[in-house]
Amino acid sequence: MQAQTVSSSPQLAVRDVVVRFGGIVALDGIAFELQKGQILGLIGPNGAGKTTLFNCLSRLYTPASGDILYDGQSVLSKRAHQMPAVGIGRSFQNVALFQRLTVRDNIRVGAHACSRSDFLSDALRLPWVRRQEAEVDATVSELIDYLELTDVADFPVDGLPFGTRKRVEIARALAAKPGVLLLDEPAGGLNHDEVGELGRLIRSIRDDRGVTVLLVEHHMGLVMSISDKVVVLSFGRKIAEGTPAEVQKNPDVIAAYLGGPAE
């Protein structure tokens, strides 16, 4: 795998993030950087704090201290619904689609996350609203083709195969044209062939669309095969960071996964 050329200024920076739930420290001073064009794998045993960090990045949670920067600007003043406009898109561990809507309309919801229309403008069908709708239609159609969803585009997502629904959710996140895409357990529930196809898809999203990817995943084969950098959490702390090869040899990582003492 060839990594994209990256700049020295991080696209996404996590700065000493601390999250507490009552007396429990869920994240304890987590810090790392994600450069434009990278795929970063975030791994760790169950309860390590991976989803908590994702929820901070997508502004579902607010850290007790620390900061999160996108292109050098803090995002902590933003609300969750504003994050697509900031440039951060997300999928969820449990597929979160509108089950009765078609594939096309689910993707359209993602495109409208960054629209600037309002009730009055829509009602009057102002020229700029019509232009915006045409752009949305073009984006949705292009993503349907790109994610190979043409055959099911006008079917409700309810009842579609799980792997197909995963692709619909990725398409919906991409419809907002994010700079950084957060993928939460995208391989969950997929078979071996589907995981291989997912890996190729994630790489093509990075290479073809210029999207930086932050991936939380338990499937180690997928993470190690596509990631440029891996960050490992355990009990809310960062215990390792480096290339996949470096992380796989790290004694702290081996101890965290196997339950033995680090050497």
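Visitor: Which helix gives the largest share of the lining of the second largest pocket?

Guide: This is a predicted model, where local features need pLDDT of at least 70, side-chain atom pairs count only at pLDDT 80 or more, and totals for chains, interfaces and linings use all residues. Residues are numbered from 1 along each chain as its sequence is written, and side-chain values use heavy atoms, with hydrogens and water left out. Helix H6 (162–175) and helix H7 (192–209) each supply at least two lining residues. The largest share, 6 residues, comes from H7.

Visitor: How many charged residues are in the lining of that second largest pocket?

Guide: The lining has 16 residues, with Leu147, Arg167, Glu197, Leu198 and Leu201 nearest the centre. Asp, Glu, Lys and Arg count as charged; Ala, Val, Leu, Ile, Met, Phe, Trp, Tyr, Cys and Pro as nonpolar; the others, Gly among them, as polar. By class there are 7 nonpolar, 3 polar and, as charged residues, 6.

Visitor: Is Asn106 buried or exposed?

Guide: Asn106 sits in helix H3 (residues 103–112); a helix here is a DSSP run of H or I, at least four residues, numbered from the N terminus. Buried means under 20% relative accessible area, exposed over 50%, partly exposed in between (1.4 Å probe, protein chains only). Asn106 has a relative accessible area of 0%, so Asn106 is buried.

Visitor: Which backbone oxygen does the side chain of Asn106 reach?

Guide: Take contacts (heavy atoms within 4.5 Å) to start. Not counting residues up to four places away in sequence, Asn106 touches Leu97, Phe98, Leu101, Val157, Val168 and Arg172. At 3.4 Å, the Asn106 side chain reaches the backbone oxygen of Leu101.

Visitor: Why is helix H1 described as largely enclosed by the rest of the structure?

Guide: Look along H1 (residues 50–57). Its buried residues are Lys50, Thr52, Leu53, Phe54, Asn55, Cys56 and Leu57. H1 is largely enclosed because the buried count is 7 of the 8 residues.

Visitor: Which residue just after H1 takes a positive phi?

Guide: Go past the end of H1. The phi there is about 70°, and the residue is Arg59.

Visitor: Which residues line the largest cavity?

Guide: By class, the lining has 3 nonpolar, 1 polar and 2 charged residues. The residues are Ser91, Phe92, Lys166, Glu169, Ile170 and Pro186.

Notes: Polar contact = N/O pair within 3.5 Å; in protein donor to acceptor, adjacent residues only side chain to side chain. 1 Å grid on protein atoms, 1.4 Å probe; cavity = no way out; pocket = protein on both sides within 12 Å on 5 of 7 lines; lining within 4 Å.
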